[in-house]
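Hello,

Here is the structure for you to look at. My notes follow below it.

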Amino acid sequence: MINWGRTANEHIAHLTGSAASPDERNVLLYLVTRFAQSIRYIQGLEAYHSGDKLNVEVDIVLDGNTNLHDSHDLGESLQYMIESIPTVDRAFVHLDYAYYNLPTHFERDGR
């Protein structure tokens, strides 16, 4: 019964979007950092459970002179590489050319 209770708590945490463990985040951060020399900055890395596996969101900054073709291929390759990790279900890679950005979502009055 105790083991079932622990398993149930783990599944509830995963189904409610709990954050990845520090070890899981470190693996992801290491992979992104070492993936390509053209990655200048990592603006954000979010990893959270959506069931038993992780959804990963990565925001990276590339050299502003990187052409669209190379940027696209790098982002898609990084997505596939992250998704090849056994604990990851889906990865989303956002590419940018500048380290400064407008806020991602605008605040709306009364909403």
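First, a definition: two strands pair if DSSP finds at least two bridges between them. Helices (H or I, at least four residues) and strands (E, at least two) are DSSP runs, numbered from the N terminus.

The model is predicted, so local features need pLDDT of at least 70, side-chain atom pairs count only at pLDDT 80 or more, and totals for chains, interfaces and linings use all residues. Residues are numbered from 1 along each chain as its sequence is written, and side-chain values use heavy atoms, with hydrogens and water left out.

Now the sheet. β1 pairs with strand β2 (residues 54-62) over nine bridges, in the antiparallel sense. A47 has V56 in β2 as its bridge partner.

Two helices pack on this sheet. Helix α2 (residues 22-35) touches β1, β2 and β3. Contact means heavy atoms within 4.5 Å. The direction of α2 makes about 155 degrees with that of β1. Axes are lines fitted to C-alpha atoms, for helices over the stretch in contact, and angles run from 0 to 180 degrees between N-to-C directions. Helix α3 (residues 68-83) also touches β1, β2 and β3. Its direction makes about 155 degrees with that of β3.

Is N55 buried or exposed? N55 is buried, because its relative accessible area is 13% and buried means under 20% (exposed is over 50%, partly exposed in between; 1.4 Å probe, protein chains only). Leaving out residues up to four places away in sequence, N55 touches E46, A47, Y48, S50, D89 and R90.

Best wishes
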